[in-house]
Structures are given as C-alpha cells and as structure tokens.
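This briefing walks through one structure, topic by topic. Keep the coordinates open while reading.

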Protein chains: 2
Amino acid sequence: METEEVAAAEQVVTPFEVSAPDGAIDYDKLVDRFGCQRIDAAIVDRIARLTLCPPHRFLRRGIFFAHRDLNKILDLYEAGEKFYLYTGRGPSSESLHLGHLIPFMLTKYLQDAFMVPLVIQLTDDEKFLWKNLTIAECKRLARENAKDIIACGFDVERTFIFTDINYVGGAFFENVLQVANHVTLNNLRGIFGTILEDRIGKVIFPAIQAAPSFPSSFPHLFPGNDQLRCLIPCAIDQFCIIGVVSTCQDTARDPYFRMTRDVAPKIGFQKPSLIESRFFPALQGESTKMSASDPNSAIYVTDSSEQIKAKVNKYAFSSGQASVELHRKLGGNLDVDVPIKYLNFFLEDDDELDHIKKEYSEGRMLTGEVKQRLIAVLSELVARHQRARAQVTEEMVDAFMAVRPRPNMFG
Amino acid sequence: METEEVAAAEQVVTPFEVSAPDGAIDYDKLVDRFGCQRIDAAIVDRIARLTLCPPHRFLRRGIFFAHRDLNKILDLYEAGEKFYLYTGRGPSSESLHLGHLIPFMLTKYLQDAFMVPLVIQLTDDEKFLWKNLTIAECKRLARENAKDIIACGFDVERTFIFTDINYVGGAFFENVLQVANHVTLNNLRGIFGTILEDRIGKVIFPAIQAAPSFPSSFPHLFPGNDQLRCLIPCAIDQFCIIGVVSTCQDTARDPYFRMTRDVAPKIGFQKPSLIESRFFPALQGESTKMSASDPNSAIYVTDSSEQIKAKVNKYAFSSGQASVELHRKLGGNLDVDVPIKYLNFFLEDDDELDHIKKEYSEGRMLTGEVKQRLIAVLSELVARHQRARAQVTEEMVDAFMAVRPRPNMFG
C-alpha cells in the first residue's frame with residue numbers, strides 16, 4: 001500500500017492528528033513523507049496554457065500544493081482526452097465554514113477551466129456512522145449542505161450531486177463490492193487504525209468513498225467509458241479519523257484515496273489523480289482545530305458582517321508585536337499570522353497581497369489594519385455566498401441530484 | 001449477544017463445522033446449546049388449527065425442529081395480525097440440490113397456509129465476496145436460481161424476489177447502515193471468527209443479510225408498517241463459514257439471524273422469528289458434506305431419473321447388514337440410514353413411511369427395496385420440478401423481481 005503515516009519530530013500529520021508546535025507546517029516535509037508531488041510553477045503554467053484560463057489564486061499561491069498523478073491528467077487533456085472531477089463533503093453541520101468552501105472553490109474553477117463533468121458525494125452515511133445523529137437528520141443536513149455547494153456556482157448541466165443514502169445501489173454498489181473485495185481489515189488498520197471495537201459500518205465506508213473514483217459508478221453519466229480518468233480536489237486539512245477519536249471534525253480524505261489508488265488497478269480502473277490543499281487554519285492558528293463546538297474558531301458562511309468583524313478582531317491569531325513601537329521595529333511573522341494566511345486564501349489581488357505582506361512584515365502596517373482589510377474581504381465573500389445561497393431552490397437541488405444524463409457535460 | 005457456539009464432546013456444530021462421529025446428530029442437545037426452542041406437537045397442532053391446513057410433513061416429522069419466537073408470531077396471528085416471511089439463497093451454483101429446496105418447500109407451505117407475503121433474498125454479493133466469481137457471473141447465477149425458486153410454486157402477487165446487487169440502496173441501505181452501526185468487529189469475531197486478514201466486504205455482509213428482517217427495507221411492500229413481524233425459515237444445514245474456510249458450501253444462516261435478533265430492538269424493530277430445519281444429509285451420510293465439487297454427494301434438481309437411480313444405488317449410505325441373512329435377523333438402523341432419512345424428507349404418505357421404517361428396521365425389507373422406493377419418490381419430485389422450471393420465463397422472473405406494491409399480498 002502507498003499508505004504511510006507522517007510523523008516527524010517537529011510536526012505530526014496523520015489521519016488522527018495535525019500539529020505544528022511552532023505554528024507553521026513544513027509542507028515540503030509533508031510532501032516527502034506522504035509520497036506525493038509538489039505543484040510547482042511549471043504545472044501551474046501548464047494548466048494556464050492548456051485551459052487558456054488564468055490560474056486560480058489557490059494554484060498561483062501554492063494553496064493547492066501537492067498532487068498525485070496530476071501530470072497524467074494533463075498529458076491526456078493535452079492529447080484531447082477529457083476527465084471528470086470528484087469531490088465531496090461529509091454533511092455534519094448545518095452551516096459550512098470557510099475551510100469547507102476551499103475545495104469547492106477550486107473545483108468550480110477546474111470545472112470551468114477544463115470544461116469537464118463533476119460528481120459531488122455527500123457522505124450522509126458517514127455522518128450517521130460517526131456522529132450521534134439519526135439518518136433523517138443526516139439526510140436533511142446533506143440537502144442543506146448541497147444548497148451551499150450549489151451556491152458556489154456549479155453548472156447543473158455538468159454536475160451530479162448525490163447523497164450516499166440515496167444513491168448507493170446498482171453499479172455504484174458493484175464498485176463498492178469490488179473495492180471491499182480487495183481491502184482487508186489489516187489494510188484498514190494500517191491506514192486508519194481500525195480496531196476490533198469499531199463498528200462494521202465504519203469498516204465498509206472507505207469502499208463507499210472510493211467508488212466515485214471509478215466512472216462506472218455513474219452509468220447515467222459515463223456509459224461505456226470505464227477508463228475515464230478522475231481528478232479529486234481534496235482538502236488535506238480535512239484531517240482526522242476513523243473510529244478512534246469520536247469527536248473528529250471531518251474524516252481525512254487523502255488516506256482514503258491512497259487506498260483507492262492501491263485498489264484501482266486490481267479491479268480494472270485507472271488510479272484517480274489527486275490535487276491537495278494546505279491546511280486551512282482555525283482563527284486561533286494552524287496548530288489548533290476549527291471545531292463545530294467552538295463557533296469562534298472559524299468564520300461560517302452564515303456569519304453576519306458584525307460577527308465576522310468581532311471574530312477576526314477578537315480571535316484571529318496575530319503575530320503583531322506587543323506594542324506599536326515594537327511592531328514598527330520587528331514587524332509581523334507571515335508564517336504564523338492568521339489574518340495574513342486568510343488573506344492569502346481569499347484576497348484576489350496579488351499585488352495588494354504582496355504589498356500587505358511586505359508592509360506588515362516590515363512593521364509599517366499594523367495588525368489592526370491587516371484585520372480591517374481581512375474583515376472587508378471576508379464580509380464581501382460571505383455576503384456574496386449568502387446572496388447566491390438564497391437563490392437556491394429545492395427544485396435546483398433536485399435538478400443537481402437527478403440521476404439523468406448530462407448530454408453537454410464535456411461541452 | 002445470544003450467539004453461542006455448540007461444541008460437545010460427541011458432536012460439533014459450529015458455523016464452521018458439523019460432525020457427528022456416529023452418524024447421527026443429537027438435535028435435543030443442539031437445541032439446548034443453541035438456545036432455541038423445540039417445535040413440539042403442540043406447536044404443530046396450533047399451526048394446523050390456526051391455518052385450517054394440515055401440517056406440512058416437515059412439521060409433522062420434526063424436520064423443522066427448532067424455532068425462536070415462533071409463538072409470538074402465532075399469538076399475533078391468532079389475534080388477527082399478519083406477518084411476512086423472509087428466506088433466501090446464496091446463488092453459488094448453477095443447479096440446486098434437494099437440500100437447497102427444503103427451506104423453499106416449507107416457505108411455500110407457510111405462505112399458502114398463512115396467506116402472507118414473502119421476500120426472497122438472493123445474495124449475489126455474498127457469492128462475489130466469498131467465491132472467485134465475477135459480479136456478472138454472480139448476477140447470472142442469481143437469475144438462474146430464481147427460476148428454480150419460482151418453480152417451487154410461489155405466488156407472484158405475494159412474493160418479492162430480489163438480488164442484493166440490484167436491490168441494495170435506499171431504505172434497504174438505511175437498514176444496512178443501522179445494523180452496521182450496532183455490530184462491532186469484536187461481535188463478528190465472536191460469531192464468525194472474523195480476523196484481520198478478512199476483506200472488508202465480508203465484514204459488511206452480515207448487515208446486508210440482516211436488513212430483510214425489517215419491514216422498512218421494503219417500502220413498496222410494507223409502507224408505514226415498521227413493526228410488522230418477520231418469520232425466517234432457515235435451513236440449519238446451510239452450515240458454515242465466514243472468512244476462515246474458503247471452500248465453504250453455504251454460509252450459515254442461524255448465526256446471522258441471532259446477530260440480527262440482538263440488533264433489532266436497538267434500532268426500533270421487532271426481532272425476527274426463526275424456524276429451523278434439520279441437517280439434510282449428503283448421500284454418504286450425516287457426517288459428510290454435500291459438496292459442489294462432488295456431484296455424487298447429492299441429488300440435483302437437474303439430475304435425470306437414470307442419474308438419480310445410479311446415485312442412490314451406488315452412493316446412498318445404507319445401514320443394511322452385510323448379508324441378506326444377517327439383515328433379516330438384525331434389520332437396518334433408522335438413525336443413520338440415508339435412504340430412510342431421504343424418505344423421511346420426501347415421502348408424503350405417513351402410513352407408508354411408518355410401514356417402511358418398521359419393515360426395514362425389523363429386517364423384513366431389504367436395502368434394495370428401500371432404495372427402489374426412494375428412487376421412485378425422488379425421480380417423481382425432480383421430474384415435477386423440472387417440468388415446473390421449464391415453464392418459468394424471463395418475464396416471470398422480472399415480475400417476481402419488480403419493485404412494485406403487491407396489493408393482495410395479505411389476501
């Protein structure tokens with residue numbers, strides 16, 4: 001198996017834990033230890049050249065920093081072949097925070113740039129199995145989350161959103177069985193730490209998350225196209241766990257997909273490619289977790305401008321110095337400063353971002369000024385999302401979830 | 001858990017093994033050790049009285065010898081409530097042998113006597129996971145086996161036959177999840193000997209076999225009737241295995257259903273009731289197995305009269321004595337004699353059966369004569385099955401498998 005835990009002396013990034021004692025994660029080490037590849041400037045340039053689209057800021061800034069076999073996707077695309085995108089979400093909470101939006105933002109860009117179809121899996125079964133929720137509640141949350149996802153701007157003619165509880169069956173279930181026939185409990189123990197106290201639902205879920213990587217799971221979309229390649233935008237910050245820690249936030253995706261890539265050739269499919277983002281930090285900093293039980297650890301898409309202002313001002317970890325005088329002299333530390341990190345994710349203008357970083361790190365710009373700019377950026381982003389979500393009707397959800405061909409999905 | 005292995009010094013009956021060194025299984029001990037109840041004359045009389053039907057020979061002769069909570073079903077039936085039947089088969093072989101027919105024969109009788117609906121699960125997924133077969137082959141075998149099952153005479157207006165690969169999904173999948181959320185790997189280890197080398201497909205299958213015990217798995221049949229009780233006719237001779245013995249014939253049903261009964265109240269359902277048959281012996285005797293790899297160990301529903309005659313004459317284990325003279329003096333041993341056991345299963349006439357037993361055990365009837373009668377009985381049974389099966393069309397299979405209401409299923 002490709003699967004490998006990452007555990008260096010100074011940082012721990014496993015399916016179970018992420019920590020960076022000094023507040024900054026070393027992504028080069030992470031790439032080495034996970035055995036994936038860096039997304040470098042050459043790849044970003046190539047994407048721009050192939051798609052004739054300017055690269056998304058998440059690519060220009062190395063926020064999606066690592067990949068597995070992205071080059072194979074690009075080689076085939078250059079030769080005139082298409083692929084499809086697969087991403088998803090475990091619908092565990094009523095409202096999403098900004099970290100949840102990141103894979104969808106990049107996926108939206110990729111769908112538009114490459115003009116390819118997209119499948120979005122809402123793992124309501126996972127949330128039932130991991131959280132103390134009823135099936136009805138998980139189904140409701142999945143539908144609510146679908147509205148937030150649709151609000152990101154996906155094209156209904158190229159996008160199929162499904163919930164596991166509604167969609168598992170038929171050709172999809174056949175692929176679940178195929179995967180489940182090639183993964184042992186020992187394999188899962190190596191990847192997720194599965195133990196004999198675990199319930200068997202948790203044991204089967206990895207196969208359910210693997211199945212959308214294979215085009216034959218969607219006969220209404222890709223009939224007779226079993227070798228179509230799949231690209232999975234995957235937030236590496238969806239860290240955490242299967243089984244052991246019951247209070248986990250989200251289930252780690254990368255280990256699932258490393259398992260999927262191991263199994264794919266054994267059951268006659270292409271390995272899915274992956275493109276993986278950096279950790280999106282909690283307001284309190286990279287070494288803490290965003291937690292549903294602490295609403296002040298994250299900005300939610302339902303927050304008001306006032307809430308955003310209050311949270312950023314009060315909770316966003318700043319590297320600014322203790323006094324204005326000291327700050328003017330020493331400046332801020334860009335590696336750990338949360339407002340700077342958030343601007344790096346969400347401020348579109350590269351020149352302005354560079355300017356802020358320079359001014360702040362050299363002490364000419366104060367924490368309060370950086371936070372003020374961040375509040376404006378986030379307020380606008382969240383308000384725009386709220387406006388878009390208010391337009392999403394139940395009928396639109398039904399249309400995205402309809403099991404029907406999308407005849408123009410590659411057009 | 002109710003689950004308990006049976007291991008006495010003189011006999012071994014576990015999910016993994018059945019043996020009776022002296023060729024005869026002590027069913028009283030088996031009932032005690034499994035913790036089920038005997039089907040006694042009072043229960044058989046009660047069924048006859050409630051249904052106004054003469055009891056099936058499998059009941060009169062104690063072939064279905066044990067039950068779990070059958071009285072609860074009868075109490076409710078007496079009070080005017082209905083229930084539904086659930087049985088099934090793992091479609092691992094092209095043609096069924098007589099042992100495979102036994103649960104279906106009793107089920108047909110129960111369906112007619114109680115006028116109740118029936119669901120029949122064909123576990124093509126199980127066979128994919130346990131045997132070295134493709135999914136396409138398992139699906140094909142399931143459909144072929146469905147024809148043999150339909151040939152047993154079930155009423156299409158009261159019977160829903162489904163294959164897991166086609167039907168798992170929706171409400172059924174929700175119940176799979178519910179079960180899978182209440183069974184741990186440790187539970188499975190206790191029941192089936194699940195080990196870390198097992199593939200995860202085998203780990204989820206028990207939940208898939210449990211789900212049909214709950215009426216909400218069939219919303220097209222039992223909408224809003226979630227407390228409807230389920231009665232499962234179950235051949236205890238479908239002994240064997242999960243995971244450990246790769247050459248298993250059939251997966252044991254009783255352990256699955258003891259697990260299901262443990263889980264049922266935890267997820268808001270009634271415990272299914274069970275009615276369980278004796279072991280149907282191989283031609284070579286009760287301490288051997290019918291084996292697909294040895295066609296001479298069983299009579300198949302595809303056998304010709306000549307094959308039946310040759311198999312019975314050559315392979316059916318006889319307790320007749322070494323010489324006619326000795327046999328006249330000592331007689332046969334009814335406890336181990338296979339032709340007598342087979343007549344006990346299949347000869348309808350009680351008086352004739354008693355006569356044969358008496359004459360044979362007291363030495364007046366010879367082995368050859370008993371075998372001759374058995375050959376006639378089996379030839380007629382098999383020929384009748386073959387005629388019925390020849391009438392089963394693909395359209396009839398589709399009709400039994402159609403996911404549609406059966407409005408007259410209780411009528």
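Where in chain A does A:Arg158 lie? The model is predicted, and in it A:Arg158 sits in the loop between H7 and strand E8 (159-163) of chain A.

**A:Arg158**
- A:Arg158 has a relative accessibility of 8%, so it counts as buried.
- Leaving out residues up to four places away in sequence, A:Arg158 touches A:Gln111, A:Asp112, A:Met115, A:Val116, A:Pro117 and A:Leu118, and also A:Arg406, A:Asn408, A:Met409 and A:Gly411.

**Chain A overall**
- Chain A has 18 helices and 10 strands.
- Of its 411 residues, 61% are buried.
- Its accessible surface is about 14,900 Å², with 52% belonging to carbon and sulfur atoms.
- Take the contacts in chain A between residues at least 6 apart in sequence: 77% of them join residues at least 24 apart.

**Interface of chain A and chain B**
- Chain A gives 35 residues to the contact, and chain B gives 35 residues.
- The two chains bury about 3,200 Å² between them, 68% of it on carbon and sulfur atoms.
- On the chain A side, A:Leu185, A:Leu196 and A:Ile200 lose the most area to chain B; together they account for 23% of what that side buries.
- The rule finds 2 salt bridges across this interface.
- A:Glu174 forms a salt bridge with B:Lys139, with the closest N and O atoms 2.6 Å apart.
- There are also 18 residue pairs in polar contact across the interface.
- Six helices of chain A are listed as giving two or more residues to the side that touches chain B: H6 (124-130), H7 (135-150), H8 (164-167), H9 (170-180), H10 (185-192) and H11 (200-210).
- By class, that side has 18 nonpolar, 9 polar and 8 charged residues.

**Salt bridges within chain A**
- Over all chains, the search finds 60 salt bridges.
- A:Asp75 pairs with A:Arg46 in a salt bridge, the closest N and O atoms being 2.7 Å apart.
- That pair links distant parts of the chain: A:Asp75 is in helix H4 (residues 70-78) and A:Arg46 is in helix H2 (residues 41-51), 29 residues apart.
- A:Asp75 is partly exposed at 41% relative accessible area, whereas A:Arg46 counts as buried at 14%.
- A:Glu144 forms a salt bridge with A:Arg389, and the closest N and O atoms are 3.1 Å apart.
- A:Glu144 lies in helix H7 and A:Arg389 in helix H17 (residues 367-390), so this pair ties together parts that are 245 residues apart in sequence.
- A:Glu144 is buried, with a relative accessible area of 18%, while A:Arg389 counts as partly exposed at 22%.
- A:Lys147 and A:Glu394 meet through their side chains in a salt bridge of 2.5 Å, N to O.
- A:Lys147 lies in helix H7 and A:Glu394 in helix H18 (residues 394-401), so this pair ties together parts that are 247 residues apart in sequence.
- A:Lys147 counts as buried at 8% relative accessibility, whereas A:Glu394 counts as partly exposed at 35%.
- A network of salt bridges links A:Arg143, A:Glu144, A:Lys147, A:Asp148, A:Arg389, A:Glu394 and A:Asp398.

**Helix H15 of chain B**
- Why is helix H15 (residues 338-346) of chain B described as largely enclosed by the rest of the structure? Because 9 of its 9 residues are buried.
- B:Asp337 caps the N-terminal end of H15(B), with a side-chain oxygen 3.2 Å from the backbone nitrogen of B:Ile340.

**B:Gln37**
- B:Gln37 is found in strand E4 (residues 37-38) of chain B.
- B:Gln37 is partly exposed, with a relative accessible area of 34%.
- Setting aside neighbours within four places in sequence, B:Gln37 is in contact with B:Val31, B:Phe65, B:Ala66, B:His67, B:Arg68 and B:Asp69.
- B:Gln37 and B:Glu276 are 239 residues apart along the chain, and their C-alpha atoms are separated by 10.0 Å.

Note on methods:
Residues numbered from 1 in each chain as written. Chains lettered and ligands numbered in written order. Predicted model: local features only at pLDDT ≥ 70, side-chain atom pairs only at ≥ 80, totals over all residues. Heavy atoms only, no water. Contact = heavy atoms within 4.5 Å. Buried area = accessible area lost by both parts, 1.4 Å probe. Salt bridge = Lys/Arg side-chain N within 4 Å of Asp/Glu carboxyl O. Polar contact = N/O pair within 3.5 Å; in protein donor to acceptor, adjacent residues only side chain to side chain. Helix = DSSP H or I, 4+ residues; strand = E, 2+ residues; numbered from the N terminus. Nonpolar A, V, L, I, M, F, W, Y, C, P; charged D, E, K, R; others polar. Buried < 20%, exposed > 50% of the residue type's maximum accessible area, 1.4 Å probe, protein only. Areas by Shrake-Rupley, 256 points an atom, 1.4 Å probe, with all protein chains shown as cover.
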